[in-house]
Amino acid sequence: MEGGLSSFWGPVTAAEWCEKNYVYSSYIAEFFNTISNVPCILLALIGLINALRQRFEKRFSVLHVSNMILAIGSMLYHATLQHMQQQGDETPMVWEMLLYFYILYSPDWHYRSTMPTFLFLYGVGFAMAHALLRFGIGFKVHYVILCLLCIPRMYKYYIYTEDDSAKRLAKLYVATLFLGSICWLADRLFCKEISGWYFNPQGHALWHVLMGFNSYFANTFLMFCRAQQREWDPKVVHFLGFFPYVKIQKPKSQ
């Protein structure tokens, strides 16, 4: 074990990343990859409070909670590097994308009752298959396909949104996704070279931080678009002149 520390969790049974194991604690395998999920939890909590306070539809509360669950699952995975915890990280990633798919496409779905039923059964089926078959590269390909299926709808929302502040949220979503992907790929593809550096930039940890902001920007943008659909007069306002969130004004009848 790194630094002479013994492991509390036993032998590694999950995929490892470009961070030395058990350097700072015998209870946390990948220290930076673990704590870097904290911003995602805090940002999702802020989004949840805003969704509840302004009485947005329950789908957005569930979305923010799913972001928190995903981040907690990631923390457990990187802290233990155990296969079961890795699946506890990967399976919620797919479930979250199914939730995004529902939020993006359900407003124009003619048979609305069929969509949540199909997505629920799909999510359960994937969880069972992933547990039994232990997908590797197949999981990554499947996840990327789900992400790509959401892009056309996100782009449609973007081009039909005239508010500059809302468009800026969408641009921040794209920017954080792009930068985060570069960090993820660099950490995965060039680990051997990075390990020889005096300082490890912790690309996977940066990916976690950027994805925390990415999810927040995506959720806030979707909340704005949904409020527009419901004619709730949404506005993007900034806390302390910096932190964006959506403020709405519902008609008295609602």
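Predicted model: local features only at pLDDT ≥ 70, side-chain atom pairs only at ≥ 80, totals over all residues.
## Basis

Local features need pLDDT of at least 70, side-chain atom pairs count only at pLDDT 80 or more, and totals for chains, interfaces and linings use all residues. Residues are numbered from 1 along each chain as its sequence is written, and side-chain values use heavy atoms, without hydrogens and water.

## Helix H9

H9 spans residues 203-229 (helices are DSSP runs of H or I, at least four residues, numbered from the N terminus). From first C-alpha to last, its 27 residues reach 38 Å, close to the expected 39 Å (1.5 Å times one less than the number of residues). Of the 27 residues, 22 are buried, so H9 is largely enclosed by the rest of the structure (buried: under 20% relative accessible area, 1.4 Å probe, protein chains only). Glu231 follows H9, with a positive phi near 60°.

## Annotated histidines

An unreviewed UniProt entry annotates His78, His204 and His208 as "binding site"; such annotations may be inferred rather than shown by experiment. They span 131 residues in sequence, yet no two of their C-alpha atoms are more than 11.3 Å apart, so they gather at one spot.

His204 lies in H9. It is buried, at 4% relative accessibility. Beyond four places in sequence, its contacts (heavy atoms within 4.5 Å) are Trp17, Asn33, His78, Cys183, Trp184 and Asp187.

His208 is also in H9. Its relative accessibility is 7%, which counts as buried. Its contacts beyond four places include Asn33, Ser36 and His78. A polar contact of 3.4 Å joins the side chains of His208 and Ser74 (N or O atoms within 3.5 Å, one able to donate a hydrogen and the other to accept it; residues adjacent in sequence count only if both atoms are side-chain atoms).

How values were computed
Helix = DSSP H or I, 4+ residues; strand = E, 2+ residues; numbered from the N terminus. Buried < 20%, exposed > 50% of the residue type's maximum accessible area, 1.4 Å probe, protein only.
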